[in-house]
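Subject: Structure handover

Hello,

Here is the structure for your files. My notes on it follow below.

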Amino acid sequence: MTTSEFELDAMRRAISLSAFGLGSASPNPPVGCVILDRDGQPVGEGFHERKGEPHAEVNALAAAGERARGGTAVVTLEPCNHFGRTPPCHQALIDAGVVRVLIAVIDPTSRGVGGVARMREAGVEVEVGVLAEEAEVVLRPWLGALHNRRPRVTWVCEVGAAGPTAIRRQQFDVLALCAGADAVLDDGGKLKEGRPGRHSADVFSLSDEVGDDPVQALRALYEAGVRTLLLDGGPDLAVQFVGGGVLDEIRLYVGETAPSGAPPTSGPLLPGGFRIRSISRVAEGIVVVATIP
Ligand SMILES: [Zn+2]
């Protein structure tokens with residue numbers, strides 16, 4: 001069976017909803033879900049906000065109520081198959097009478113015995129890989145952290161920007177970046193939650209100092225539930241992460257520069273191995289985003 005325009009639209013809605021879990025859902029994945037009734041009309045939607053609270057599917061089913069019966073669930077990640085603090089979502093979908101489930105990305109932890117297998121056994125029509133690439137825009141850091149067994153690390157820094165730090169931070173939206181990160185490490189080695197108090201209370205027991213070994217520190221942070229870490233500081237902060245091969249992304253803010261001038265003597269723009277992925281012009285400079293291929 002093919003996927004309809006209504007279903008693709010619902011998946012894009014689910015993907016955008018899933019992003020509301022960034023900076024709070026970890027160690028769980030940020031997931032979004034939309035329920036369509038038997039006529040294809042959206043009747044419920046939800047996302048997973050934090051560990052211990054209902055998963056996206058359960059939130060969407062709660063909003064849809066009886067209208068889910070005979071309908072379709074559109075979800076960005078394979079519904080779970082494990083009893084945690086909440087019953088498995090695949091069972092909730094089956095119990096609600098959903099007859100069709102569209103999934104963007106398969107949960108790499110399900111090892112073939114996840115929600116898909118269980119739902120198919122129960123006679124539910126399941127399609128996987130629906131807009132997977134678009135769903136990964138939100139899920140990629142979580143998937144990468146899982147794969148590497150360490151948080152995805154992004155370094156945000158400024159070069160050549162004039163003015164007080166407070167103004168630069170506003171201009172360059174660093175606060176917004178912090179909101180999407182589980183944890184933020186500053187120049188002084190201090191660690192804090194990206195948005196204070198947003199994660200489940202038992203998730204983070206962050207010691208407020210990170211030692212000299214970034215690889216070891218990241219392992220400990222991963223164990224504590226951190227899936228994304230923002231480094232907010234200068235090159236001295238990032239150099240050990242670069243050296244340890246554990247820096248994934250750089251967001252470099254380059255302040256306003258004259259049309260003619262001498263090249264800076266402060267060294268290369270980006271550490272070796274990084275490739276430019278996007279550049280945008282902002283009011284007071286440019287933003288260069290680079291990653292390791
Ligand atoms: Zn679930």
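**Domains and their contact**

The C-alpha centres of domain 1 and domain 2 are 31 Å apart. The domain assignment places domain 1 at 5–142 and domain 2 at 149–291; such bounds come from an automatic or database domain assignment. This is a predicted model, so local features need pLDDT of at least 70 and side-chain atom pairs count only at pLDDT 80 or more, while totals for chains, interfaces and linings use all residues. Residues are numbered from 1 along each chain as its sequence is written, and side-chain values use heavy atoms, with hydrogens and water left out.

Domain 1 puts 12 residues into the contact and domain 2 puts in 14 residues, where contact means heavy atoms within 4.5 Å. Between the two domains about 1,100 Å² is buried, and carbon and sulfur atoms give 46% of that area. Buried area here is the accessible area (1.4 Å probe) that two parts lose on being put together, summed over both. Of the area that domain 1 buries against domain 2, 42% is supplied by Gly23, Ser26 and Pro141, more than by any other three residues.

**Zinc site**

The zinc ion is coordinated by ND1 of His55 and by SG of Cys80 and of Cys89, at 2.0 to 2.3 Å. Donors are N, O and S atoms within 2.8 Å of the metal (3.2 Å for Na, K and Ca); water is not among the atoms, so sites may look incomplete. His55 sits in the loop between strand E2 (42–47) and helix H2 (56–64), and Cys89 belongs to helix H3 (residues 89–95), so the pair ties together parts that are 34 residues apart in sequence. Helices (H or I, at least four residues) and strands (E, at least two) are DSSP runs, numbered from the N terminus. The donor spacing in sequence is H-x24-C-x8-C. His55 is buried at 16% relative accessible area, and Cys89 is buried at 0%. The cut-offs are under 20% for buried and over 50% for exposed, with partly exposed in between (1.4 Å probe, protein chains only).

**The five-stranded sheet**

An open sheet of 5 strands has the order E2-E1-E3-E4-E5, with mixed pairing; two strands pair if DSSP finds at least two bridges between them. E2 and strand E5 (125–128) are at the edges with a single partner strand each, so one side of each has no neighbour in the sheet. Neighbouring strands of this sheet are turned by 15° against each other on average, direction ignored. Strand E3 (residues 72–77) pairs with strand E4 (residues 100–105) in the parallel sense over 5 bridges, and Thr72 stands opposite Arg100 in E4.

Helix H1 (residues 5–18) packs on this sheet and touches strand E1 (32–36), E2, E3 and E4; the direction of H1 makes about 145° with that of E1. Helix H5 (residues 132–148) lies across E3 and E4, at about 60° to E4. Axes are lines fitted to C-alpha atoms, for helices over the stretch in contact, and angles run from 0 to 180 degrees between N-to-C directions.

**Strand E7 and its partners**

Strand E7 (residues 183–186) is joined to strand E8 (residues 191–193) by 3 bridges, antiparallel, and to strand E9 (residues 228–232) by 4 bridges, parallel. Val184 stands opposite Lys192 in E8 and opposite Leu230 in E9. The hairpin of E7 and E8 has 4 residues between the strands, and Gly189 there takes a positive phi near 80°.

Regards
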